[in-house]
Each structure stands twice: as C-alpha cells, then as structure tokens.
Amino acid sequence: MKLLEYQARTLMEKFGIPVKPHIVVDEIPGVAERIRNAGLAYPLVIKAQVQTGGRGKAGGVQFAEDEDGAVKLCEKMLHMDIRGFRADELMISEKAEISREWYLSILLDRLTKSPLLIFSPAGGVDIEETAGTNPGMIAKVPLDPLRGVADYSISYIMDKTGADPRYRDALRDTVQKLFRMFFDYHAMLVEINPLGLDESGRLIALDGKVEIDDNALSVLPDIVAFREKLQEDPQVIEARKVNFHFIPMEDSGTVGVMSNGSGMLMSCIDLISKKGMKVHAALDLGGGATADRIAEAIRIMFKRPRIDTVFICIFGGITRCDEAARGACTAMAGTAGKRLILRMEGTNKEEAVRIIAGSGLPIVSAGDIPEAVEAICRGGREE
Ligand code: GDP
Ligand code: MN
C-alpha cells in the first residue's frame, strides 16, 4: 500500500524526523482561514497529494508568497490530474529554506534479502537521471535487520559519494529513525527525496514516500485508517470485500488469470507472458472456493473492459472441481463475447468436464496448464 505524502509525514513525525508545519485541505472555501488558524508562515508550498512521484515536474508542487497566491494555487491545483491520479487533497506546508537536496531511502531488497540503504547527495527531482548518468553519486549498502544502522555504513555512503562529512551525525540520526520506521511499519520502501539541509545545519524531510507490505495490515490499524483516503482500484476494493485478492497488472493486457494459490497464479502468469501475451489482472481465490464464489470472481474479472479471456487454474483439494465448473457456467451464462479457459485437476474432475461440455457456453476445458496457455494464445488479440 502506497501512502500519500502527508500520511508519510505523520509517520516521520512520530519517529522524530523533522518536517515543516502543514495542513491538508480537500475544499477551497475556508482555505485562507485554515492557513491563518494553523499559523503557517509564508512562503508556503502547495503540494498535490497523489500516490505517485514526479509531482514537481508535473506541476503538482508550487510555491506561494502570500495568502492571495496560496488560495489561487489551491483553486488551480485541487483535483488536478497527475500521471493518471486525481489530487483530491492538497498539502499546504511552510516552505523550507534549504541549501542542499539529498536523497535517502531504505527498501526491502530481494537480491540481498535485507533492507537496503540508498543515499545520494545529489537528490531532488532528477535523481532517476543521476542514477543513469552519474551512478558514482549514489551509494547503496545493505543493513543488518538485527543490528540496525552501523556507523561504518554511514561513513561508507558519505565517503563514496563525497557528501560533506560535517553532517555525518545528522545523517546517522535520520537514517536510524527512518530504519525504525521501516521496521516497525513493515515497509517495503521508505524514501525521503529531498532530504533538505536547512540554515541551521538540520536535516529536514521535504517529501515522503512510504510503501507498506499489505500482508502486515492486520497489525497496523493506523495504516488501515489511511486507506480510506487513497484512490484504490475499484476491483481491488470489490474483491477485498469478499476476501479475494485482486492484482491489477498490465493495462494493455487482455487476459485475466485466477487460481487458488499465489504460487500457481505466478506460474500461470509466467507461462502466458513467455508466449508474448500480457496479463491484465490476476485474482487469488484462496482455498475452498464454492460455485458462488467462482462465479463472483469471474464477474469481477469481466468488469475490466480490456479482459476478453479469463483463465482459471484450479488444483482441486479443498476446492471441488465440479463446484468450480458450476460457478463458471453461472457466470458465463450472463457474459457475451468473452471466453473462459478452465484447467482443473483433482476432486470430481470428470464431473466438472462433463458439466462444461454440456453447457454450450464459450468455456474451454484444458487438460493441463500448457494446453490452457495454448488455448489462450490461439484466441488472443494482441496490439
Ligand atoms: P516530487 O516531485 O513528487 O518528488 O515532489 P517533491 O515534494 O519532492 O517536490 C519537488 C521539488 O520541489 C523538490 O525536489 C524541491 O526541489 C522542491 N521543494 C518541495 N518542497 C520544498 C520546500 O519546502 N522548500 C524548497 N526550497 N523546495 C521544495
Ligand atoms: Mn520528491
């Protein structure tokens, strides 16, 4: 789950990482009063709250010198579109005066199987370019999850990138706080870009990006509360309500894949992708899917207009194949111009195949996964 910037700021404040005073608004009436009541000092920065980066370059970060300017900017920026996300909230913050923009992040690195600290003294909106043109300015070091942040790791990242060593203690302090936050909130990514250096030599977070592992949400009620403010995919919400896990993948894809288990789901996606087809979305049915639930899952899949083929791969154990087949028929009876490929193995498979064969619906029973993938590709349209 990707947090909005002001939600990330809430966490950073909790861990003692300095940020500027700010408010969040979602409507124009009363904005001037709210700025005054909060005692925010000009100049201010107005920032579109969307779950994507690159806002600065897209006009989603603007500065105001006075009240009139601030209100005008809010009028212009509220509900603006930034890379496909609508800014339904704006953060109004005091502008920090800074002499440097550093980049700092910790992410869960699958290669080193540990939290990875990434630092650059050349932070800001062009960090992606720097990574390509001047990789020597970016340092990475794995962190030991049990020992935390060692002094030598901080020395290493600063020496390697030529960062001003006078700020070593300040940087270590910030990294330690950020690591605590990363750890306690089961984050996959915590990023501060830019981390600014203000007049008093203090490091201050001017932006915050946080991605939380969805599997940890059951122990993070404060993060679940944040979710209401996010623009979530409608099918993700719909699926979650009935305990399915819906995963949007490639917008241009036309295939939907569902299975009872995430491992098999991934194998199926790999095989389809290898054949050059793109998967639009995947859905994990979990265990014990009944006919009703299978039908519901298919309906959710076909709510995506791009999907014309759904592939269901069932390994029957707890899930009975005949149940799955009945659910498939129910859903497909109400769907025109769409195809379903069904591969089932296990309990009551023969009966399931009979049900499908006798249904007269556009459902293909495949003997195994490669056969199913062949069937998907035969009927697939690609662009
Ligand atoms: P992003 O483009 O989505 O990463 O949005 P940021 O919050 O990082 O803002 C983009 C850029 O605006 C930053 O890299 C800074 O250069 C600038 N900026 C944002 N907030 C402030 C601030 O409070 N003071 C100053 N001086 N610059 C800021
Ligand atoms: Mn940024």
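Which residues in α11 meet which residues in α12?

Modeller: This is a predicted model, in which local features need pLDDT of at least 70 and side-chain atom pairs pLDDT 80 or more, while totals for chains, interfaces and linings use all residues. Residues are numbered from 1 along each chain as written, chains are lettered from A and ligands numbered from 1 in written order, and side-chain values use heavy atoms, without hydrogens and water.

From α11, the residues are C321, D322, A325, R326 and C329, and they meet K349, E351, A352, I355 and I356 of α12 (contact: heavy atoms within 4.5 Å). Sorted by class, this contact has six nonpolar, no polar and four charged residues (nonpolar: Ala, Val, Leu, Ile, Met, Phe, Trp, Tyr, Cys, Pro; charged: Asp, Glu, Lys, Arg; polar: the others, Gly among them).

Another pair can be read in the same terms. Helix α5, residues 151–161, packs on helix α6, residues 168–184, at an angle of about 120°, and their axes are 10 Å apart. That makes α5 and α6 oblique to each other. Here too the crossing is right-handed. On the α5 side D151, I154, S155, I157 and M158 take part, and on the α6 side R168, L171, R172 and V175. The contact of α5 with α6 consists of five nonpolar, one polar and three charged residues.

Some backbone details lie elsewhere. The peptide bond from Y42 to P43 is cis, with omega near 0°, and P43 sits in the loop between α2 (31–37) and β2 (44–48). Another cis peptide bond joins N193 to P194, with omega about 10°; P194 belongs to strand β10, residues 187–198. H79 is not a glycine, yet its phi is positive, about 70°. This residue, H79, is found in the loop between α3 (67–77) and β4 (81–82).

Key:
Axes fitted to C-alpha atoms, helices over the stretch in contact; angles between N-to-C directions. Helix = DSSP H or I, 4+ residues; strand = E, 2+ residues; numbered from the N terminus. Parallel < 35°, antiparallel > 145°, perpendicular 65-115°, else oblique. Left-handed = near helix turned anticlockwise from the far one by under 90°.
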